Amino acid sequence: MASSSPILKENIRKAYDNIALKYSEWTKPSYPTRLEYLQKLLGYILPSRSEKSVLELGCGSGQPCTALFASNPRLHVTANDISPVQLALAAEHLPSTNVALIEGDMMDLSFDDHSFDAVIAMYSLIHLPREEQVTLSTRIYKWLKPGGLFLGNFSAGPGDQGSFDKHWLDGTDGVMFWSGWGEERTCEILSGIGFELILREVVVDTEEEKGEGKDVPFLWVLGEKVDN
């Protein structure tokens with residue numbers, strides 16, 4: 001299950017460690033979008049009064065999504081991130097009673113089939129090479145219980161085999177990386193795996209870098225595992 005790109009992943013880890021505090025501030029304009037979609041997910045899983053297990057891939061500092069999960073004692077949260085500095089920030093304000101933090105490349109994670117009621121991945125799968133996005137989406141499907149839900153976002157622009165930036169957010173260590181299949185191909189991939197796409201929307205984020213705004217489209221999907 002090991003990552004196929006250890007050097008690439010090490011560079012991403014270094015980059016996020018280096019910009020952790022700045023990224024936590026820079027990403028705040030995306031909080032309303034993240035929380036809007038998270039509330040849609042919770043609208044499906046919370047009406048049941050039973051306890052639920054959720055997995056978050058790329059939790060960062062834990063804000064705002066892991067913190068919202070953690071505020072509900074009926075939710076048992078497993079939160080993963082590649083950056084130990086980000087996870088240290090998360091550990092400062094998240095309860096340990098219903099949150100387990102796991103450090104490492106998400107491609108190295110291993111769980112039993114039917115382990116989770118929901119899996120979320122916000123602005124995280126985009127850091128995987130495209131083929132790894134397919135592999136991990138397939139694993140997510142297996143990790144979900146029947147009727148379980150996957151909430152995530154992907155690059156919605158033209159297919160990108162891989163983009164690098166050594167100084168993203170003025171970083172001075174590591175190399176940031178992104179890739180994507182584009183909206184149509186991503187939806188085809190997820191449907192082919194078996195997900196029924198309950199929701200499929202493109203939202204344009206205005207990202208600020210070097211004092212300028214840049215519009216970046218993201219595909220948001222909410223998919224249900226419809227078989228066993």
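Student: Where is the place of P64 in this structure?

Tutor: This is a predicted model, in which local features need pLDDT of at least 70, side-chain atom pairs count only at pLDDT 80 or more, and totals for chains, interfaces and linings use all residues. Residues are numbered from 1 along each chain as its sequence is written, and side-chain values use heavy atoms, with hydrogens and water left out. Helices (H or I, at least four residues) and strands (E, at least two) are DSSP runs, numbered from the N terminus. In these terms, P64 has its place in the loop between β1 and α3.

Student: What is omega for the peptide bond from Q63 to P64?

Tutor: Most peptide bonds are trans. The bond from Q63 to P64 is cis. Its omega is near -5°.

Student: How far apart are the end C-alpha atoms over residues 54–148?

Tutor: An unreviewed UniProt entry places the feature "domain: Methyltransferase" at these residues; UniProt positions follow the numbering used here, feature names are shortened, and annotations may be inferred rather than shown by experiment. Over this stretch the chain is 32% helix and 28% strand. Its end C-alpha atoms are apart by 10 Å.

Student: In β2, which residue is the bridge partner of E56?

Tutor: Strand β1 (residues 52–57) and β2 run parallel and are joined by six bridges. In β2, the bridge partner of E56 is A79.

Student: At what angle do helices α5 and α6 pack?

Tutor: The contact, defined by heavy atoms within 4.5 Å, is made by V134, S137, T138 and Y141 of α5 and by I189, L190 and I193 of α6. Axes are lines fitted to C-alpha atoms, for helices over the stretch in contact, and angles run from 0 to 180 degrees between N-to-C directions. The axes of α5 (residues 130–143) and α6 are 10 Å apart. The two helices pack at an angle of about 35°.

Student: Is D170 buried or exposed?

Tutor: D170 is found in the loop between β6 (160–165) and β7 (176–180). Most residues other than glycine have a negative phi. The phi of D170 is positive, near 65°. With a relative accessibility of 52%, D170 counts as exposed.

Student: What is the relative accessible area of H114?

Tutor: H114 lies in the loop between β3 and β4. H114 is not a glycine, yet its phi is positive, at about 65°. This residue is partly exposed, with a relative accessible area of 34%.

How values were computed
Pairing = 2+ DSSP bridges. Buried < 20%, exposed > 50% of the residue type's maximum accessible area, 1.4 Å probe, protein only.
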